[in-house]
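User: Please take a close look at a single part of this model and describe it in one connected account. State the cut-off behind each term where you first use it.

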Amino acid sequence: MSYSVGQVSAFAGVTVRTLHHYDKAGLLSPSERSHAGYRLYNDADLARLQQILFYRELGFPLDEIAAIFQEPQANAVEHLRARQRQLSEEIARLQRLAEVAERAIEVQQTGVSLTPQERFEVFGEITFDLSYATQAEQKWAHSEGQREAMARAAAHTKDDWRQLMGEAAAWRAELLAAFDEGEPSNGERAMDLAEEHRLHISRWFTSCPPDMHRRIADDFTADPRAFALVVPPSQQRPGLAAYTCKAVHANAARHAGGPTDSEEHR
């Protein structure tokens with residue numbers, strides 16, 4: 001069977017201009033001619049075109065494809081291995097870029113309007129994984145409390161964030177001390193720390209009644225990213241997330257039927 005340039009262009013998915021370019025580059029020239037003198041491709045030509053398109057899909061330049069065709073047995077595997085290494089490196093580079101882009105999106109969605117340097121200065125390790133905050137924003141998109149929290153977060157100044165994170169760091173130090181000293185999770189000290197955390201959320205983000213605080217704390221043990229926003233991985237201890245969750249539950253039980261947040265802030 002023989003095929004015209006137009007026919008090959010149609011079923012191979014390449015333009016006539018591309019086929020002419022391959023011809024001029026010496027990569028693929030039609031092997032036959034019609035009675036009228038038109039150039040025609042035969043089955044062997046189509047097989048060669050398939051190889052060219054395969055190498056082009058892998059990103060090979062035309063001169064390298066030509067070199068492979070000159071000595072196919074000697075060059076093909078070597079060139080393919082080299083291209084595989086290049087593609088693997090490119091995939092790794094793109095993955096790193098995707099992660100950077102993802103974190104940039106996450107930071108924007110959390111409403112933290114600080115420069116990268118300011119975020120590192122204020123948040124330290126806490127900035128290394130904000131994906132949980134993004135998912136929480138999506139999960140609770142229809143929640144009035146979530147909308148209030150995001151709006152207030154967006155309105156915080158750099159000084160606000162510095163004060164907020166300073167309070168969080170001081171609280172975290174007290175929590176670690178209580179845990180390391182063996183204080184029971186349902187003891188007065190642990191419950192007071194849980195209450196302080198609840199009021200911290202109410203003060204800086206949105207009203208956080210005990211039942212909401214319990215739901216927040218449940219994520220500490222269900223999702224490591226949630227607890228990493230409270231205690232960075234470098235400061236965590238085995239069992240600390242569960243300890244904090246239990247303290248929050250104990251505090252919620254202690255406050256069952258107690259005063260509301262608004263009464264506590266009077």
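**From a loop glycine to a helix pair**

Analyst: Gly239 lies in the loop between α12 (224–228) and α13 (240–254), where helices (H or I, at least four residues) and strands (E, at least two) are DSSP runs numbered from the N terminus. The model is a predicted one, in which local features need pLDDT of at least 70 and side-chain atom pairs count only at pLDDT 80 or more, whereas totals for chains, interfaces and linings use all residues. Residues are numbered from 1 along each chain as its sequence is written, and side-chain values use heavy atoms, with hydrogens and water left out.

With a relative accessibility of 44%, Gly239 counts as partly exposed, since buried means under 20% relative accessible area, exposed over 50% and partly exposed in between (1.4 Å probe, protein chains only). Phe179 is 60 residues from Gly239 in sequence, yet the two C-alpha atoms are 9.2 Å apart in space.

As for the setting, the protein has 266 residues, of which 38% count as buried, and its secondary structure comes to 14 helices and two strands.

Helix α3, residues 43–57, packs with helix α4, residues 62–70, at an angle of about 130°, and their axes are 10 Å apart; axes are lines fitted to C-alpha atoms over the stretch in contact, and angles run from 0 to 180 degrees between N-to-C directions. That angle makes α3 oblique to α4, the term for whatever is not under 35 degrees (roughly parallel), over 145 (roughly antiparallel) or 65 to 115 (roughly perpendicular). From α3, the contact draws on Arg48, Gln51, Ile52, Tyr55 and Arg56, and from α4 on Leu62, Ile65, Ile68 and Phe69.

Two of these contact residues, Tyr55 and Phe69, also belong to the aromatic pairs, of which the structure holds seven. The rings of Tyr55 and Phe69 are edge-to-face, at 6.3 Å centre to centre with 70° between the planes; Phe, Tyr and Trp rings (for Trp the six-membered one) pair with centres within 6.5 Å, and planes under 30 degrees apart are stacked, over 60 edge-to-face and the rest tilted. Because Tyr55 lies in helix α3 and Phe69 in helix α4, this pair ties together parts that are 14 residues apart in sequence. Tyr55 and Phe69 are both buried, and together with Phe54 and Phe60 they form one aromatic cluster.

Terms used
Contact means heavy atoms within 4.5 Å.
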